[in-house]
Amino acid sequence: MRSAHIVLDGHVVAENLSLDFAGGRTTCLLGRSGVGKTSLLRHLAGLLPCTEAAGPVAYMAQRDLLLPWLSVLDNVLLGYRLRRDGAQHRAAEPRARALLAEVGLGDRLHDLPHTLSGGMRQRAALARTLCEDRGIVLMDEPFGHLDAVTRLDLQDLAAHLLQGRTVVMVTHDPLEALRLGHEIRVLSGMPFSVGPVIAPPGAVPREPGDPALLALQARLIGELRRLS
Amino acid sequence: MRPLVTALGLIAAWEILVWLAGLPPYILPPPSRVGVVLVERFDLLIEQASWTAGEMFLGLVLGLVLGSALAVIFAASAAWRRWALPLVVVSQAIPVIAIAPLLVLWLGYGMASKVAMAALIIFFPVVSSLYDGLRRTDPGWLELARTMDASPRAVLLQIRLPAALPAFASGVRIAAAVAPIGAVIGEWVGASAGLGFLMTQSLARGQTPLAFAALTILCLLGLALYAAADRLARRLVPWHPHQGD
């Protein structure tokens, strides 16, 4: 991403911003609410006015955005349905089934989303995002509104399924960034600037109880507080 | 069960009121008398009711088809929205009922003028409910579709239309409730058959109990049409919580 300007409702969110994301790795962008994390992600997805997507991306928003009239399986295959490519659709179906089995929804393929719990819906949304098979995965606080234990479960699952993909995830939760990010960057200020790369040691998903992780979490929280 | 008891209570009160006040049946017939006429003139009533039912049903179908088509066109085409939408909105200021005599003049005393009247009266609720639904698609869904490289046509058919079904379902309910009004007004203005026609005829001849019997059948028809539309509406949106569930 080179020399980007992000403007939202007349406010300059970011000026002359250049960022590199490590290929095949997960980059977590950490910042407090309102700093412009979501705008940055929408900029990358080409969803802001006058922006182009950074390439073929799969986008996972804060809400699961499952279509209530489609079964779980059809929701996961939504991209193929919308592109109306029958051959690709058929080719993707076994993968969709496999992904749903991996996220633990193998027995709910034909159920409508309103019969699922919040955690299950988010897992279905994760499967849909991965089924798109795009080069870049953009995730906007995908587990933000789940309860703490479900969130940890889904982080483990996501870390496993996102292996080898280029992922940009924004979050306001330092622990989430530390568990999932190969690289973490802190966003702060108005318009925001991006801090240096923080690369915590160890493979993802990192254990939430690891003392080194908790020390790093304390440091990140301190930094977020100081910066505002 | 309770509303049924209330209804029976009201009918009993009506009977007692007529009896106490000594009203003549050509002013207000007691329900017992209406019941007798219902049985005695059943063949006549059913024959006339089949006309009215046909008018209501055809008017409902025609209004739903035309209204939905226009709503989809408005949702799909900015040019249509600019050139025609304001006109459709303003046309609501015309009291549709006032057009009834013209419809009879143009389409005759037969079924066509009543079907047109019923279709006309439900046209706007159908257009506005479906168009509103098509316009208010969750922006999150539209953005998701954009990241999936969906064409506008695919978005309309696969996201905006199904997303508008709950709004359309309430339009169908309203339409079923007002379609009988269109049919009956059409019959009052000029007809050779139908329950509305039977009502005006029997009132003119002082056969008030027969008019009441026709009115009873008309109420039952309206209820049946509404129940059918409600069932259809629920089947359209199985994922949507319904009133009264």
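These legends accompany close-up views of a predicted model.

**View 1. Leu225(B) in its helix.** Leu225(B) lies in helix H10 of chain B, which covers residues 208-236. The relative accessible area of Leu225(B) is 13%. Because that value is under 20%, Leu225(B) counts as buried.

**View 2. The surroundings of Leu225(B).** Neighbours within four places in sequence are left aside here. Beyond them, Leu225(B) is in contact with Met56(B), Leu60(B), Ala176(B), Ala179(B) and Pro180(B). Ser129(B) is 96 residues from Leu225(B) in sequence, and their C-alpha atoms are 19 Å apart in space.

**View 3. The interface of chain B and chain A.** Chain A brings 24 residues to the contact and chain B brings 20 residues. About 2100 Å² of area is buried between the two chains, and carbon and sulfur atoms give 62% of this area. On the side of chain B, Met148(B), Gln158(B) and Trp239(B) supply 33% of the area that the chain buries against chain A, more than any other three residues.

**View 4. Salt bridges and polar contacts between the chains.** Three salt bridges are counted between chain B and chain A. One salt bridge joins the side chains of Arg42(A) and Glu143(B), with an N to O distance of 2.7 Å. Seven residue pairs are in polar contact across the interface. Helix H7 (139-147) and helix H8 (152-189) are the elements of chain B that each give two or more residues to the side touching chain A. That side of chain B has 12 nonpolar, three polar and five charged residues.

Conventions:
Residues are numbered from 1 along each chain as its sequence is written. Chains are lettered from A and ligands numbered from 1 in the order in which they are written. This is a predicted model: local features need pLDDT of at least 70, side-chain atom pairs count only at pLDDT 80 or more; totals for chains, interfaces and linings use all residues. Side-chain values use heavy atoms; hydrogens and water are left out. Helices (H or I, at least four residues) and strands (E, at least two) are DSSP runs, numbered from the N terminus. Buried means under 20% relative accessible area, exposed over 50%, partly exposed in between (1.4 Å probe, protein chains only). Contact means heavy atoms within 4.5 Å. Buried area is the accessible area (1.4 Å probe) that two parts lose on being put together, summed over both. A salt bridge is a side-chain nitrogen of Lys or Arg within 4 Å of a carboxyl oxygen of Asp or Glu. A polar contact is a pair of N or O atoms within 3.5 Å; within protein, one must be able to donate a hydrogen and the other to accept it, and residues adjacent in sequence count only if both atoms are side-chain atoms. Ala, Val, Leu, Ile, Met, Phe, Trp, Tyr, Cys and Pro count as nonpolar, Asp, Glu, Lys and Arg as charged, and the others, Gly among them, as polar.
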